[in-house]
Structures are given as C-alpha cells and as structure tokens.
Amino acid sequence: MSAKNLLLKQYGEVTVITINRPDALNALNPETLKELDETFSEIEANPATKVIMITGAGDKAFVAGGDISVMQPLNPLQARTVARQAQHLFNRIEHSTKIVLAAINGYALGGGCELALACDIRLAADSAKLGQPEINLGIIPGWAGTQRLPRLIGKGKAKELMLTGNMISALQAEKLGLVNKVVPDDKLFDTTLEMAQKIAAKPQVAVRLIKQAVDNGMEMPVDKAIDYEAELFALCFATEDQKEGMAAFLEKREPNWKDC
Ligand code: COA
C-alpha cells in the first residue's frame, strides 16, 4: 500500500511502521490515523508478519500527540468523531492478532503516549519524554488515556500525570511501569527489533493466547479470568506446537514450530 505519512519496512517476520511527519514531530492528523488503520488491516491479513513495531521518524519524536492545528477549530461533534476514530484504531492495535511493540524514540505526548499505551510492550530511548499534557490545552486525554493509563500505572500516578501535564523522562516512566525498558538512544531500534524477532520466533498460537488471556482476563472478575485461562491453556493441547514443544524438551532438541 502507499501511505503518505507512514513508512513500512519488513525485517523477516517483523513489520516496522514508522510514523513519518517529522516536521510536525509525527503528530497524528486524521489522515495518518486512517492510514494506520488501513495498514493494520493489511498487515493483520498477511501471515508473513508475526510482530509489528511502531516508531517515529527523525530523532526528536515518537509522536508528539494529536495534531493540534487540526483540532483547534473543531466543534464538540467533530471532536467526538476524531476521538472515536483514534479510539477505534488504538482498540484494534490493543486487540490485534499480532504482537505490537512501541519503540519510543523521543516525545510520546498526549495521543503519542496513548498510542504507546495501546501497544503490548513499550521500549524507550534514554532521551524520550512521555506525558499527557492535554490539560495545558484545556482538554482531557480523549484517545483512551484516561482509561489505559490508570490500568497500567495505577490511579494516583495516572491522575498526577494528567492533572499536572508534566512530562517525565524515560527512566521515570520505567519506574512507573509506563515503559518496560529504557535503552541508549542509538540502541533503541535494534533492541526493540531483537525483542520483536524473539517473539516472532515463538509458537504463534501460544503467543496469541497469552495476549488474549492477559488483555481479556484483566477485564473480568478474577475467578472468571482464571476459568478463562484454563480454557485457553486447554486449547494449547489441541495444537501441534504443544506436542512438538514438549517432545523436543524430552528429546533434548530444539523445537520445530509450525504455528498450528
Ligand atoms: N500538533 C501539531 N503540531 C505539532 C505538535 C502537535 N501535537 N507538536 C509539535 N508540533 C509542531 C510544532 O507546531 C512545530 O511546527 P512548526 O515548525 O511549523 O512551528 C514543530 O512541530 C516542532 O515543534 P516545536 O514546538 O517547535 O518543537 P520544540 O522542540 O520546541 O518542542 C514539544 C517540542 C513536543 C515540547 C512541543 O512541540 C509540544 O509541546 N508539542 C505539543 C505536545 C502536546 O500538547 N501534545 C498533546 C496534543 S493533544
């Protein structure tokens, strides 16, 4: 596909999506949101991709938020439409059949932080800065930040970030559990790609079931979630990979995964 604001590159079974509006610090306008949505449809239908990595073009920003110049003149009905468009996209990223990693290579603010929150795993460069500064614009986070952020880091810290609009360093974000890992700027891409490739090399039915168990289970009462886990665990025993993985262990050899 041809996208004006995205770059796509394949590294084996990993597709890297680079949001490419560096002059606007990769701010997400409706056109870029639409392109991301279309790109996800294509990648999800492509069995050659097992893991997706999202990063930003240039050395300053992952994504500096929703595009403020587009949002400034909106009326409430139009604002709701933009919120719905981004929420729909971020929901599909969160529930994607593929694992999605964010390589946060600079500012991840507002909608940029919310995009990262929708990913399965977040790695950040040393110099990255994260935050939800919407309060400074007279608005609230509207791309699911008020919901995903407290679920990830707890209510108190999430409220502090959203109410102060403070930007925090990658190291502070790591301490809060907002990012999984901080790496030197010049190692971010390779380290994230390495993790993506490691996950791509695992048996993919189990990969998908782990994502489903965590994401869906977290939305259920714990006793129901544990029942759900047992069903997904049982499902693994219908796969060739379970037989192969356990046989390989017992025969002291490497498994040969079939992803089925
Ligand atoms: N929407 C639209 N344009 C944006 C943007 C956004 N969210 N963030 C940055 N830009 C644009 C700037 O307007 C500027 O464009 P210009 O060169 O045409 O003037 C360009 O990107 C570079 O940004 P600039 O502010 O000059 O860079 P900086 O290094 O001084 O500051 C930031 C970087 C990230 C601190 C600052 O750009 C910022 O605060 N951005 C907005 C963050 C935000 O509130 N996000 C939530 C939006 S809901």
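Is Arg253 buried, partly exposed or exposed, and what is its relative accessible area? I looked this up in the model, which is a predicted one, and I noted that Arg253 is partly exposed, with a relative accessible area of 35%.

**Entry on Arg253 and its partner.** I found that the side chain of Arg253 meets that of Glu244 in a salt bridge, at 2.7 Å from N to O. For Glu244 I wrote down a relative accessibility of 17%, and it counts as buried because the limit for that word is under 20%.

**Entry on Lys50.** I then turned to the salt bridges, of which the structure holds 13. The side chain of Glu13 meets that of Lys50 in one of them, at 2.9 Å from N to O. Glu13 sits in the loop between strand S1 (6-11) and strand S2 (14-19), while Lys50 sits in the loop between helix H1 (30-44) and strand S3 (51-56), so the pair links distant parts of the chain, 37 residues apart. I recorded Lys50 as buried, at 15% relative accessible area, and Glu13 as partly exposed, at 34%.

Lys50 also meets the side chain of Asp259 in a salt bridge, at 2.7 Å from N to O. Asp259 lies in the segment after helix H11 (240-250), so this pair ties together parts that are 209 residues apart in sequence. I noted that Glu13, Lys50 and Asp259 are linked in a network of salt bridges.

**Entry on the surface.** Lastly, I looked at a patch of negative charge on the surface, where Asp59, Asp126, Asp185, Asp186, Asp190 and Glu194 gather. Asp185 is found in the loop between strand S10 (181-183) and helix H8 (188-200), and it counts as partly exposed at 41% relative accessibility.

Methods:
Residues are numbered from 1 along each chain as its sequence is written. This is a predicted model: local features need pLDDT of at least 70, side-chain atom pairs count only at pLDDT 80 or more; totals for chains, interfaces and linings use all residues. Side-chain values use heavy atoms; hydrogens and water are left out. Patches are made of residues with over 30% relative accessible area and no salt bridge: like charges are joined within 9 Å, nonpolar side chains (Val, Leu, Ile, Met, Phe, Trp, Tyr) within 5 Å. Accessible areas come from the Shrake-Rupley method with a 1.4 Å probe; for residues, only the protein chains shown count as cover. A salt bridge is a side-chain nitrogen of Lys or Arg within 4 Å of a carboxyl oxygen of Asp or Glu. Lys and Arg count as positive and Asp and Glu as negative; His and the chain ends are not counted. The place of a charge is taken as NZ of Lys, CZ of Arg, CG of Asp or CD of Glu. Helices (H or I, at least four residues) and strands (E, at least two) are DSSP runs, numbered from the N terminus. Buried means under 20% relative accessible area, exposed over 50%, partly exposed in between (1.4 Å probe, protein chains only).
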